[in-house]
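Try each task yourself before you read its solution.

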Amino acid sequence: MLISGFMKYGRWEESMWYFEMNPFKNVVSWTAGISGFLKNGFSFRGLKLFLRLLESGVKPNQVTFTSVISACIETGDFELGMSVLGLIVKTGFEDNVSVCNSLITFCLRMREFDLARRVFDRMETRDVISWTAILDMYVEMGDLGEARRIFDEMPERNEVSWSAVIARYSQSGDHLEALKLFRQMVQEGLRPTVSCFSCILSTLSNVKNLQAGRNIHAHVKKIGIEGDVFISSSLVDLYCKCGDTKDGQFIFNSIKKKNVVSWNAMLGGYSMNRQTDEAKYFFDNMPTRSNVSWGIIIGGYVENKQFDKVFEVFNEMLLSGETPTKLTFSSVLSTCASVASLEKGKDIHGKILKLGFHYDVYLGTALTDMYAKSGDIESSKQVFDRMSERNEFSWTVMIQGLAESGFAEDSLSLFEEMKRSSSVAPNEFMLLSVLFACSHCGLVDKGLEFFGAMESVYGQKPKERHYTCVVDMLSRSGRLHEAEELINSMPFQPEANALAALLSGCKTYKNEEIAVRTARKLGEFAEKNSAGLVLLSNIYASAGRWVDVSNVRKLMREKGLKKSGGCSWVEVRNHLYSFYSEDGAHSKLAEIYDILELLRSEMMAP
DNA sequence: CGGCGAAGCG
C-alpha cells in the first residue's frame with residue numbers, strides 16, 4: 001500500500017526504496033511496483049521488475065499480466081508481447097477475461113488486427129470491455145460501418161463504448177451523427193465521461209454551434225469538470241473556431257495545469273483566425289512545444305498564403321531536430337505545389353524517403369499532386385505508380401494532374417483504369433477533370449457523353465463548374481448555339497466564367513449575335529456579383545475598351561471590391577521573398593527601388 | 001495490484 005501510495009504522487013524513488021526493503025515480497029507488491037513504474041511512464045523499468053519477479057520464483061497472476069501487457073504496448077515491442085503471451089499460455093491465464101482484453105488492445109496497437117480478432121473470437125466469455133476493445137479496433141481501422149455494426153450488436157455498452165463511436169463520427173466529419181448519438185446516450189441514462197464531453201465540444205466547434213457549446217460549457221462548469229485539461233482545451237478550441245479568440249484566451253488563461261495540448265489549442269486559435277503574427281509570438285514564447293505545434297504554425301502560414309514563412313519555419317523546425325508529422329509534410333508539399341517550386345518539393349521528397357513515410361497513402365498523394373502542379377508530370381506518375389495503396393484522393397490528383405498538364409488522353413485512360421481496377425467511385429472532381437481533358441483534346445462528343453452520364457451512371461449531380469467546363473468545351477469548338485442553350489437550361493445561375501467562355505468563343509468564331517446577348521447577361525450578372533465585375537473588366541481590357549474598363553473599376557471601388565492583388569516571388573539562397581502589387585508590398589521596398597535606380601543609371605551610362 | 005476511450009486535420 002505504501003508503495004502504490006508514493007507511486008501515485010510520482011515519488012517512485014521513495015516507493016522503490018520501500019519495495020526493495022520489503023523482505024516479504026508477494027505477487028501483489030511486485031505487481032504494485034510494476035504498475036507504479038507504468039503510471040509514471042517508466043514502462044521499461046516495469047518490465048525489468050517483471051523479469052526480477054520471474055527470477056524470484058513468485059508466480060505472476062492475472063493482474064500482473066495485464067500490467068505487463070500494458071508495458072509492452074508502451075514500448076511498442078511486438079516480439080516482447082509475444083513472449084509474454086507464451087508465458088500466459090504456459091501459466092494458464094489465456095482464458096482470463098481481463099488478460100484477453102489487454103491482449104486485444106496490445107494486438108490492435110501493434111496493428112495486428114487479425115490477431116486481435118482471433119483473441120476475441122476464441123474467448124468463451126466476453127464482458128463489455130472486450131466488446132469495447134474490438135469496437136475500438138474497427139474504429140482504429142477506419143471501418144466505421146463494421147464499428148457501428150459491433151456497437152449496435154453489443155450485448156452491453158458503457159460510456160467508453162459510446163465515447164469511441166461518438167469520437168469516430170466526429171473525426172470522420174459526420175458531426176450530426178455524433179451529436180445524435182450523444183443525445184441518445186444521455187437519454188439512455190448514461191453519464192458522459194470527461195472524454196465524451198471534450199469530444200462533443202470539439203464536434204460542436206467543428207459545426208460552429210456556439211450556442212450548444214455554451215450550454216455544454218455551463219453544464220461542465222456545474223458538474224465541476226471545467227478545469228480538466230481536455231475539457232478546457234476543447235473549450236479554447238470551441239471559442240476560437242467560432243471566431244472568438246478573446247473568449248478562447250480567457251479560458252486558456254484560466255487553465256491551471258496547462259499541457260502542450262492546451263498550448264496548441266490556443267496557438268491553433270490564433271492561426272485559424274488569420275492572426276499569424278500573434279500566433280508566431282505565442283509560439284516563440286511557448287514553454288512546451290511538440291511537432292504538432294510546429295505543424296499548426298506552418299499550417300497557419302499555408303492558410304494565409306504566406307509561403308515564404310512556410311519554408312522559413314519549416315527549415316527552423318528541421319534545424320531544431322523536430323520530426324515533422326505527415327500532416328506538416330503535406331502542408332509544406334501543398335505550398336511547393338502552390339508556388340510550383342520543384343526544387344523544394346524534391347528536397348522534401350528526399351526527407352520523406354529518409355523517414356520512411358513514402359509508404360503512406362496520404363503523403364504519396366501529396367507528392368503526386370506536388371509534382372503534377374510543379375510541372376514534373378513524369379515524377380508525379382512515378383510516385384503514383386509506386387504507391388502500394390491508393391485511395392479516392394490519390395486517383396483524383398493523378399487524373400487531375402494529367403488533365404491539367406495537357407495529357408488529356410492519359411487522364412482519360414487512367415480514369416477508365418480506375419473504374420476497372422479499383423473500388424473507388426468516380427467523384428465530382430475526377431469528372432470535372434475528365435470533362436476538362438475532353439475539352440482540351442477536342443473530344444467534344446465524348447465530353448458530352450460523360451456529362452450526360454454524370455448523374456445517371458456516376459450518381460453525381462453536375463455542379464456549376466461542370467456546366468462551365470462543358471460550356472467552355474462547346475465554345476472552343478465553335479458550337480456556340482449549344483453552349484448558349486446549355487447556359488439557358490442550367491438549373492441554377494451560370495458562373496460568370498461560363499458566360500466569359502462563351503463570349504470568348506464568340507470572339508474566336510465571330511458571332512456578334514450571341515456575343516451581344518451574352519455580354520448583356522454578364523452585365524446583369526456583374527451588378528450582383530463581384531466575380532462578374534472582375535471578368536467584365538478583363539474582357540473590356542482585352543478588347544481594348546479602356547473607358548469601359550475604368551467604369552467597371554470605378555463600380556468595383558464603389559462596392560468596396562478589390563481585385564485580388566498580384567503576387568510574385570523569388571527564391572534566393574533557400575529563402576522565398578514575396579512581393580505584392582498592392583499594400584504590404586515589401587519591407588525593403590525603398591531599398592529595392594534605390595538599387596533599381598542605380599542599375600538603371602549604370603545601364604544608361606555611355 | 002489490472003483490462004476498454006480522449007486533443008492538432010486534407
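**Exercise 1.** Decide whether Thr-518 is buried or exposed, then list its contacts beyond its neighbours within four places in sequence.

*Solution.* Keep in mind that you're looking at a predicted model.
- Step 1: Thr-518 has a relative accessible area of 3%, and buried means under 20%, so Thr-518 is buried.
- Step 2: Find Thr-518 in helix α32, which covers residues 512-528.
- Step 3: Skip the neighbours within four places in sequence, and you're left with contacts to Leu-499, Leu-502 and Leu-503.

**Exercise 2.** Work out whether Glu-449 and Lys-59 are buried or exposed, and say where each one sits.

*Solution.* 
- Step 1: The cut-off for exposed is over 50% relative accessible area.
- Step 2: Glu-449 comes in at 60%, so it counts as exposed.
- Step 3: You'll find Lys-59 in the loop between α4 (43-56) and α5 (62-75).
- Step 4: Now for some distances. Glu-449 and Leu-435 lie 14 residues apart in sequence, with 9.6 Å between their C-alpha atoms. For Lys-59 and Thr-91, the gap is 32 residues along the chain and 8.7 Å from C-alpha to C-alpha.

**Exercise 3.** Describe how helices α7 and α8 pack: what is their angle, and how far apart are their axes?

*Solution.* 
- Step 1: Locate the pair, with α7 at residues 97-109 and α8 at residues 113-121.
- Step 2: Their angle is about 165°, and their axes are 7 Å apart.
- Step 3: Angles over 145 degrees count as roughly antiparallel, so α7 is roughly antiparallel to α8.
- Step 4: As for handedness, α7 and α8 make a left-handed crossing.
- Step 5: Look at who touches whom. From α7 come Cys-100, Leu-103, Ile-104, Cys-107 and Leu-108, while α8 brings Phe-113, Leu-115, Ala-116, Val-119 and Phe-120.
- Step 6: Sort the residues in this contact by class, and you get ten nonpolar, no polar and no charged ones.

**Exercise 4.** Classify Cys-72 and Cys-506 as buried or exposed, then say how many disulfides the model has.

*Solution.* 
- Step 1: Cys-72 has a relative accessibility of 1%, so Cys-72 counts as buried.
- Step 2: Cys-506 has a relative accessible area of 3%, so Cys-506 is buried as well.
- Step 3: A disulfide needs a pair of cysteine sulfur atoms within 2.5 Å. By that rule, the count is zero disulfides.

Definitions and conventions. Residues numbered from 1 in each chain as written. Chains lettered and ligands numbered in written order. Predicted model: local features only at pLDDT ≥ 70, side-chain atom pairs only at ≥ 80, totals over all residues. Heavy atoms only, no water. Axes fitted to C-alpha atoms, helices over the stretch in contact; angles between N-to-C directions. Helix = DSSP H or I, 4+ residues; strand = E, 2+ residues; numbered from the N terminus. Parallel < 35°, antiparallel > 145°, perpendicular 65-115°, else oblique. Left-handed = near helix turned anticlockwise from the far one by under 90°. Contact = heavy atoms within 4.5 Å. Nonpolar A, V, L, I, M, F, W, Y, C, P; charged D, E, K, R; others polar. Buried < 20%, exposed > 50% of the residue type's maximum accessible area, 1.4 Å probe, protein only.
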